[in-house]
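Subject: Two-chain model, handover and notes

Hello,

Here is the structure I said I would pass on. My notes follow it.

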Amino acid sequence: MIDKFVNSVASALAGIQDGSTILLGGFGAVGQANQLIEGLVEAGVRDLTVVANNAGFGTAGLAHLLRAGRVRRLICSFPRIPGSTVFETLYRDGKIELELVPQGTLAERMRAAGAGIPAFYTATSAGTLLAEGKESREINGRTYVLEHALHGDVALVEAWRADRWGNLTYRASGRNFNPVVAMAARLTIVQTQHVAELGTLDPESIATPGIYVNRVVHLPHGDPVL
Amino acid sequence: MTETAYTPRNRTQLAARIAQDIPEGWYVNLGIGIPTLVADHVPPAREVIFHAENGVLGIGPAPDAAAVDPWLINAGKQYVSLRPGGSFMHHADSFTIIRGGHLNLCILGAYEVAENGDIANWATSADDAAPAVGGAMDLAAGAQRLWIAMEHTTKDGRPRLVRQCSYPLTARAAVSRVYTNLAVLDVTPGGFRVRDMVPGLTLAALQALTDAEIAMAD
């Protein structure tokens, strides 16, 4: 019997190495696997490359991981935390590297990784500072920038419902980057608000099929707080 | 030189002016700030479908405190509602909508717009303390039309409609129209063309507040 559920955050995160690239779902305070990220802080892994849209929210989760000095490099579209200067301080002091990536390019680079596409051309950022040093090419009279797939060692996902095969549904805008990071990492770890019996999730509503998922832990932590 | 009497549009009036020009059936993404206010001025009977980068299509009015769904926010991280017919998608699909040219319109704020349609709206210098770009470059490059909502000049009176942007670019030759607190201007192959101005304002007075050369539209 396939059962991807594990009993604790620690067993969900088992085996994550220093120096890993960690892909995070979430946008603002919604849909980020904060309890798993707190588990990373506790597990003591360091020298991480973190890929996330924002530099965290509030003081827990990614903001905590940053504050604890565990992140060597952040790949991010909008490295801000409302009401916090954790990231700005680290960046100004030269204690963290930043790779700034347009939001759609960030999503597409991970989708490409999940889809076996090593690189692609996009019009986004053509002729701007963020295209400097990148190969570009004119196609049908327009300039496009070559962007490479972004693979993760680990993806941390927050789902609304999960079954033991790792099939996932999300709630409202909590979907965001979660299905994208889930397909782009070698080890995809999910925290879910609710557990569903196998066969009870509407197949039409499963946004992440279990083939992308390795481990699931049930963490009914409640609603996000802005 | 004679003083002319005119009243600049405030933020609400500017948002209302923009809303007048959005026809039923358009799919529209609104940036943070004045653009977000535009949705409040589209009459509910006119079906305009608003999109947010974080995977929401069909955003409705801001909810009452009692009706807030804590899982439903927009790209500005504000609580929103979903109107009947609305849908959710993941981030790669949401940016497929943006980058694939499916949006009829995107409205953004800007620091500067150049006469060739270049837009600068994400950084005020090449070595910003901690730069942040979000989805601005995707929206500017991807939407079918890019309209800008902004003050005609900076707080200290420096023109924002310029011959060439001095701030780092968001996208080249992307802007099709600019709505300011003083005027509405199209970006054309010949430069900025004024569609309308607030009552009492003359073209000469507007030119004095504009770095790029402007002319009335035909």
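Contact here means heavy atoms within 4.5 Å. By that rule, 37 residues of chain B are in contact with 49 residues of chain A.

On provenance: this is a predicted model, in which local features need pLDDT of at least 70, side-chain atom pairs count only at pLDDT 80 or more, and totals for chains, interfaces and linings use all residues. Residues are numbered from 1 along each chain as its sequence is written, chains are lettered from A and ligands numbered from 1 in the order in which they are written, and side-chain values use heavy atoms, with hydrogens and water left out.

The interface

The size of an interface is often given as the accessible area lost when the parts come together. Buried area is used in that sense (the accessible area, 1.4 Å probe, that two parts lose on being put together, summed over both). Chain B and chain A bury about 3,400 Å² between them, and 66% of this is on carbon and sulfur atoms. Of the area that chain B buries against chain A, 25% is supplied by B:Trp71, B:Lys77 and B:His91, more than by any other three residues.

For polar pairs, the rule is N or O atoms within 3.5 Å; within protein, one must be able to donate a hydrogen and the other to accept it, and residues adjacent in sequence count only if both atoms are side-chain atoms. Across the interface of chain B and chain A, 18 residue pairs are in polar contact, both residues being at pLDDT 80 or more. A salt bridge (a side-chain nitrogen of Lys or Arg within 4 Å of a carboxyl oxygen of Asp or Glu) occurs once between chain B and chain A. B:Asp69 forms a salt bridge with A:Arg171, and their closest N and O atoms are 3.0 Å apart.

Helices (H or I, at least four residues) and strands (E, at least two) are DSSP runs, numbered from the N terminus. On the side of chain B that touches chain A, H3 and H4 of chain B each supply at least two residues. The largest share of that side, four residues, comes from H3(B).

Helix H3 of chain B

Buried means under 20% relative accessible area, exposed over 50%, and partly exposed in between (1.4 Å probe, protein chains only). In helix H3 of chain B (residues 91-99), the buried residues are B:His91, B:Ala92, B:Ser94, B:Phe95, B:Ile97 and B:Ile98. Their cover comes from both chains: it includes helix H5 (103-115) and helix H6 (178-182) of chain A, as well as strand S1 (27-30), strand S2 (49-52), strand S3 (56-60) and helix H4 (136-142) of chain B. Just after H3(B), B:Gly101 has a positive phi of about 75°.

B:His91, B:Asn54 and A:Asn176

B:His91 lies in helix H3 of chain B and counts as buried because its relative accessibility is 0%. Not counting residues up to four places away in sequence, B:His91 touches A:Phe27, A:Gln103, A:Ala107, A:Asn176, A:Phe177, A:Val180, B:Glu53 and B:Asn54. B:His91 and B:Asn54 are 37 residues apart in sequence, with their C-alpha atoms 6.0 Å apart.

B:Asn54 sits in the loop between S2 and S3 of chain B and is buried, at 1% relative accessibility. A polar atom of the B:Asn54 side chain lies 2.8 Å from the backbone oxygen of B:Ile73. Among the residues that B:Asn54 touches are A:Phe27, A:Ser173 and A:Asn176.

A:Asn176 is in the loop between strand S10 (168-169) and H6 of chain A. With a relative accessible area of 0%, A:Asn176 is buried. The side chain of A:Asn176 reaches the backbone nitrogen of A:Gly26 at 2.8 Å. Its contacts include B:Asn54, B:His90 and B:His91.

Backbone points to check

Which residues other than glycine have a positive phi? A:Ala172 has phi near 50°, and B:Ala173 has phi of about 45°. A:Ala172 is in the loop between S10 and H6 of chain A and is buried, with a relative accessible area of 10%. B:Ala173 is in the loop between strand S9 (161-162) and strand S10 (177-180) of chain B and counts as exposed, at 54% relative accessibility.

Regards
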